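Please examine the sequence and the structure before working through each solution.

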Amino acid sequence: LEVPVAMRADLLMPYLNGKTKSIVARLDPDVAKDFDALCKVILAEYKLSPTQYLHYFNTCNRLDTETNTMFGTRLKALLMQYIERGKSIKTLINSLS
């Protein structure tokens, strides 16, 4: 299932908490509609480190309301954020062992 790029930011909004919604409300409307830019702003605001992403990945449990596919997608997203935030391959390898 491929979600159209133009709809991604809008579909994300109902799932944001109060703090994140207030961050989005202060953004330029063009940034708020661009899913990738919106994600970068939100992640920068929370300043999550690679170690935090690894912790979330390792402690992640499937929710009762989630399908296995949804859970797998969430795990993949956490792992990808962990890899993107890693400073180097050596840092990533050291933190995984």
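**Exercise 1.** How many disulfides does a search of the whole structure find?

*Solution.* The model is predicted, so local features need pLDDT of at least 70 and side-chain atom pairs count only at pLDDT 80 or more, while totals for chains, interfaces and linings use all residues. Residues are numbered from 1 along each chain as its sequence is written, and side-chain values use heavy atoms, with hydrogens and water left out.
Step 1: A disulfide is a pair of cysteine sulfur atoms within 2.5 Å.
Step 2: The search of the whole structure gives zero disulfides.

**Exercise 2.** State which residues of helix α2 are buried, and where they lie on the helix.

*Solution.* 
Step 1: Helices are DSSP runs of H or I with at least four residues, numbered from the N terminus; α2 covers residues 18-25.
Step 2: Buried means under 20% relative accessible area, exposed over 50%, and partly exposed in between (1.4 Å probe, protein chains only). In α2, Thr-20, Ile-23 and Val-24 are buried.
Step 3: These buried residues fall within an arc of 95 degrees (taken from the directions from the helix axis to the C-beta atoms), so they line one face of α2.
Step 4: Gly-18 and Ala-25, on the other side of α2, are exposed.

**Exercise 3.** Identify the residues of the largest nonpolar core.

*Solution.* 
Step 1: A nonpolar core is a set of buried Ala, Val, Leu, Ile, Met, Phe, Trp, Tyr and Cys residues joined through side-chain atoms within 4.5 Å.
Step 2: The largest has eight residues: Leu-43, Tyr-53, Leu-54, Cys-60, Phe-71, Leu-75, Leu-78 and Tyr-82.
Step 3: Helix α6 gives the most to this core, with four residues.

Conventions
Helix = DSSP H or I, 4+ residues; strand = E, 2+ residues; numbered from the N terminus.
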